[in-house]
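Biologist: I would like to go through the labels attached to this model and hear the grounds for each. Please set the value against the cut-off every time.

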Amino acid sequence: MIDDPHFMEMALALAQKGRGFTSPNPMVGAVIVKDGQVVGQGYHQTLGGAHAELNAIQDGGSFVKGGTLYVTLEPCHHTGRTPPCTEKILDAGIDRVVVAMKDPNPDVRGGGLEFLKNHGIKVTLGVCKDEAQKLNEAFIKYVTTKRPFVIIKCAATLDGRIATRTGDSKWVTGEEARMFVHRLRHASDAIMVGINTVKKDDPALTTRIKDTQGSDPTRVILDTHLSISENAKVLRFVSDSDTIIVTGQGVSGFGSGDKKVRIEQNSARVMESPVKNGWIDLDPLMDRLGAIGITSLLIEGGSRVFTSALAAGIVDKIFFFYAPKILGGDDGVPICRGPGPDLMNRCIPVKDIKIERFGDDVMIEGYIDTANSGQIKCLPE
């Protein structure tokens, strides 16, 4: 008997290779099996490139006829940057198609599975569905809401401090944890920090992965009053990705018009966005970022931005790193800053917890339980 989950897991592992290179398209992997043996395999390698199914068919050549195709996402039945995969599957003589999940994108015609069934191909749906949905969780949210999938990442001591009272934060965690964060950056369309983080640390906000050419995320800086230094690294660093400075609406009317022009001449973009209580309102900003094609957003600081994002209800997932260190005082910089709820039952619950070690550091991964989240007050950075 054919082990469908085994071969689908192979397809999921192949799909992972496209992480960071396919957005706004999903990651997709495909494996073709005949007589219990893998005869072809492929994955979606880059935006605009051949889809996983075609790569697997080309890899297997004439051996794929009469075989079973395992693919992590419903084959497309529309013409976009590439021709429909369903027709390629039919032309290749595939007998059976096993699919992990249906395409959630309401903007495409769909109907890939129906087309295959109507042409005599056996179809099995739902093998490793949960794994496939987690793989493309950012894609799923974006195509169904037109807003980015938002992740908070922070690194803290055991007593919950992300920096000392002087602002020193190099380094809270060790090298293994920091390398994982760079892989998070590679996998994200954009990275967001507040202007105080830029002023204190002058970060480049780029991706640095050993022995790999990673993708730099778009840099998004929250700067209500356009107070960023024109010498800041994010404005001077050479990268293929953009830098967006998000300011309050009408900022050029408060004496910053010339500065706005100079910044934009330096290849950055100044985006005016609604303000709430004197700070950038993050909820409508997500609509703005989604409208320019940002499907995933990694928030890296600072503490007031963390609080603001959680209070705005825009966060989907968290990665909290804890180092085996105790600052031992109450004057360091906390993970979140500003007033919180008055009762424990108003805390924001986190579900589907996963714990992982990186050297001596511990990472807690989880998802915001939006159905049971309370409201907290905040002062954004």
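Biologist: Why does K260 count as buried?

Modeller: The model is predicted, and every value here is computed from it. K260 has 18% relative accessibility, and buried means under 20%, so K260 counts as buried.

Biologist: What makes the contact of K260 with E264 a salt bridge?

Modeller: The N to O distance is 3.5 Å. The limit is 4 Å between a side-chain nitrogen of Lys or Arg and a carboxyl oxygen of Asp or Glu, so the pair qualifies. Both residues lie in helix α10 (residues 257–265), four residues apart, about one turn of the helix.

Biologist: Why is E264 called partly exposed?

Modeller: E264 has 33% relative accessibility.

Biologist: How many salt bridges does a search of the whole structure find?

Modeller: The search finds 14. One of the pairs is D4 with R96, whose closest N and O atoms are 2.7 Å apart.

Biologist: What makes the pair of D4 and R96 a tie between parts that are apart in sequence?

Modeller: D4 lies in helix α1 (residues 4–16) and R96 in strand β4 (residues 96–99), so the pair ties together parts that are 92 residues apart in sequence. D4 has a relative accessible area of 13% and is therefore buried. R96 has 18% and is therefore buried, given the limit of 20%.

Biologist: Which residue meets R147 in a salt bridge?

Modeller: D283 does, at 2.9 Å, N to O. This pair links distant parts of the chain: D283 is in helix α11 (residues 282–291), and R147 is in the loop between α6 (137–145) and β6 (149–156), 136 residues apart.

Biologist: Buried or exposed: how is R147 classed, and what is the class of D283?

Modeller: R147 has a relative accessible area of 17%, so R147 is buried. D283, at 34%, counts as partly exposed.

Biologist: Which residues are linked in a network of salt bridges?

Modeller: K134, E137, K317 and E365 are linked in this way.

Biologist: Why is D130 called exposed?

Modeller: Its relative accessible area is 58%, and exposed means over 50%, so D130 is exposed. D130 is found in helix α5 (residues 129–135). D130 also belongs to a negative surface patch, formed with D3, E9 and E131.

Biologist: How do you know that strand β9 is largely enclosed by the rest of the structure?

Modeller: Five of the five residues of β9 (residues 218–222) are buried, so the strand is largely enclosed. Both faces are covered: T218, V220 and L222 are buried on one side, and R219 and I221 on the other. In a regular strand, side chains alternate between the two faces of the sheet.

Biologist: What makes β8 and β9 a pair?

Modeller: Five bridges join β8 (residues 190–194) to β9, and the two run parallel. Pairing needs at least two bridges, so the strands pair. V193 stands opposite I221 in β9.

Biologist: In which sense do β17 and β18 pair?

Modeller: Strand β17 (residues 350–358) and strand β18 (residues 361–368) pair in the antiparallel sense over seven bridges. K351 stands opposite Y367 in β18. Their hairpin has two residues between the strands, and G359 takes a positive phi near 65° there.

Definitions and conventions
Residues are numbered from 1 along each chain as its sequence is written. This is a predicted model: local features need pLDDT of at least 70, side-chain atom pairs count only at pLDDT 80 or more; totals for chains, interfaces and linings use all residues. Side-chain values use heavy atoms; hydrogens and water are left out. Patches are made of residues with over 30% relative accessible area and no salt bridge: like charges are joined within 9 Å, nonpolar side chains (Val, Leu, Ile, Met, Phe, Trp, Tyr) within 5 Å. Accessible areas come from the Shrake-Rupley method with a 1.4 Å probe; for residues, only the protein chains shown count as cover. Lys and Arg count as positive and Asp and Glu as negative; His and the chain ends are not counted. The place of a charge is taken as NZ of Lys, CZ of Arg, CG of Asp or CD of Glu. Buried means under 20% relative accessible area, exposed over 50%, partly exposed in between (1.4 Å probe, protein chains only).
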